[in-house]
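Here is a guided walk through one protein model, taken a region at a time. Keep the viewer open and follow along as we go.

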Amino acid sequence: MYNVRRITDDIWWCGANDHRLHLFENIHPIPQGVSYNCYVLLDEHTVLFDTVDWSACRQMIENIQHVLNGRPLEYLVINHLEPDHAACIEEILLLWPDVKLISTEKGFMLARQFGFTVDNQECITVKEGDTYSFGKHTVTFIEAPMVHWPEPMVTLDLKDGVLFSADAFGSFIANDGKMFADEVNYERDYLDEARRYLTNIVGKYGPHVQLLLKKAAGVLDKIKIIAPLHGLVWRKDLMWFIDKYDHWSRYVPEEKGVLIVYASMYGNTESAAQALASRICEKGMSNIKVCDVSNTHVSYLIADAFKYSHIVLASVTYNLNIYPVMFDFLDEMRMLNLQNRTIAIVENGSWACKSGDLMQKYIEDNMKDMTILNERLSLASSLKPEKEGELDALAQSIVDSMKDVSTK
Ligand code: FEO
């Protein structure tokens with residue numbers, strides 16, 4: 001059965017939802033699923049913007065055929081070649097062999113790399129600022145390199161103001177009937193997963209997202225709707241969501257607050273992390289989240305590391321090193337280019353306590369614009385009353401340093 005939603009008079013969502021996939025990109029858990037969005041324009045000519053993941057191909061085909069209602073598909077605009085959006089190109093070519101393809105030079109190069117038989121089609125190579133008319137609707141193309149692969153472009157429909165934004169402004173969570181962000185309580189129910197999507201998938205490429213935002217700012221008056229390849233479509237409060245993207249891509253914390261991530265083998269480092277959380281709350285900062293690094297998927301930790309201004313790393317020493325799962329978290333932060341955070345360190349070791357110095361050196365050697373507080377809580381196996389002073393000094397230092405944080 002077809003399952004479509006109308007975006008504007010002439011544009012339809014023809015995508016699909018996926019609750020079967022457990023790991024997005026075979027790495028990130030998606031307990032609430034994901035959507036693969038593609039869109040059909042009915043004008044003098046018929047146009048499909050992107051396809052979907054292979055697993056959703058049949059649903060997409062049914063949707064497109066329903067919307068076309070017997071008309072042939074004449075154009076396929078390929079904004080992004082990653083297989084969660086491009087895997088069904090070949091099926092489109094088989095069903096509509098005369099379809100003309102529109103993409104960037106790099107897009108066509110990647111299509112050939114993935115083995116699609118694009119060279120049997122008429123391929124229209126476009127670049128930044130080019131326009132193309134399908135009848136009443138003229139679109140313009142804006143290149144978006146490294147958001148999040150080298151080849152993406154976004155396409156702006158100048159008639160209805162729809163920005164087909166590729167991965168930009170996407171999110172985890174299947175649409176499940178909803179289509180527009182204003183149909184849900186987005187801040188309460190979706191924002192965390194939008195942040196987790198952006199920071200883990202595109203977090204490394206903040207400057208490239210910034211470049212795209214600057215280009216979008218130049219045509220902002222023309223953008224009425226943002227239609228991403230994953231998640232809900234935006235037709236209201238666009239600037240609220242754009243501001244979130246601006247924060248994430250500039251590595252500016254959204255909130256003053258503390259993410260405490262602990263690595264604890266027998267509960268003693270956990271106990272110290274909890275004692276620190278209480279001290280910080282007593283001093284007036286209650287925006288605190290405490291996570292066990294061993295049972296929190298790193299994609300959630302990364303999302304919270306992008307959200308909060310302060311990160312406490314509390315780790316046991318393990319084989320004279322940083323606890324391996326904590327090291328993975330640090331390494332993910334490095335890979336995703338996280339910067340501009342205040343870091344506090346809690347270390348534990350029953351002998352030869354090394355984790356604090358090692359975490360500090362790793363951050364200093366590998367990350368930019370991180371402030372590591374001088375105060376540190378060092379434990380020998382467990383937190384004892386004689387460490388009260390150190391505990392209090394660290395909590396005070398965290399709270400005091402909040403005043404230097406900007407969330408603008
Ligand atoms: Fe959802 Fe970069 O693909």
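Two elements, α9 (268-282) and β19 (308-318), each supply at least two residues of the lining of the largest pocket. Helices here are DSSP runs of H or I with at least four residues, strands are runs of E with at least two, and both are numbered from the N terminus. This is a predicted model, in which local features need pLDDT of at least 70, side-chain atom pairs count only at pLDDT 80 or more, and totals for chains, interfaces and linings use all residues. Residues are numbered from 1 along each chain as its sequence is written, and side-chain values use heavy atoms, with hydrogens and water left out.

Which element gives the most to the lining of the largest pocket? That is β19, with three residues. The space in the largest pocket is about 320 Å³. Of the 17 residues that line the largest pocket, Met-265, Val-316, Thr-317, Ser-350 and Trp-351 are the closest to its centre. The search runs on a 1 Å grid over the protein atoms alone: a pocket is an open set of points with protein on both sides within 12 Å along at least five of seven lines, a cavity is a set where a 1.4 Å probe fits but cannot get out, and lining residues have an atom within 4 Å of a point. Grid points are joined across faces, edges and corners, and a volume is the space filled by probe spheres set on the points. By class, the pocket lining has seven nonpolar, 10 polar and no charged residues. Nonpolar covers Ala, Val, Leu, Ile, Met, Phe, Trp, Tyr, Cys and Pro, charged covers Asp, Glu, Lys and Arg, and the others, Gly among them, are polar.

The largest cavity has a volume of about 60 Å³, and its lining includes Ile-142, Leu-163, Phe-169 and Ile-223. That lining divides into nine nonpolar, one polar and no charged residues. The second largest cavity, of about 40 Å³, is lined by residues including Arg-5, Trp-13, Asn-175 and Lys-178. Its lining has one nonpolar, four polar and two charged residues.

Next, look at a pair of helices. The axes of α6 (residues 191-201) and α10 (residues 298-307) come within 8 Å and cross at roughly 100°. Axes are lines fitted to C-alpha atoms, for helices over the stretch in contact, with angles running from 0 to 180 degrees between N-to-C directions. The two helices are therefore roughly perpendicular to each other, a term for angles of 65 to 115 degrees. Among the residues that meet are Arg-195 and Arg-196 in α6, and Tyr-300 and Phe-306 in α10. By class, this contact has five nonpolar, three polar and five charged residues.

Finally, two details of the backbone. Most residues other than glycine have a negative phi, and most peptide bonds are trans. The peptide bond from Val-147 to His-148 is cis, with omega near 10°, and His-148 lies in the loop between β13 (138-143) and β14 (153-157). Glu-25 has a positive phi, near 55°, and sits in the loop between β4 (23-24) and β5 (28-29).

Key
Angles under 35 degrees count as roughly parallel, over 145 as roughly antiparallel, 65 to 115 as roughly perpendicular and the rest as oblique. Contact means heavy atoms within 4.5 Å.
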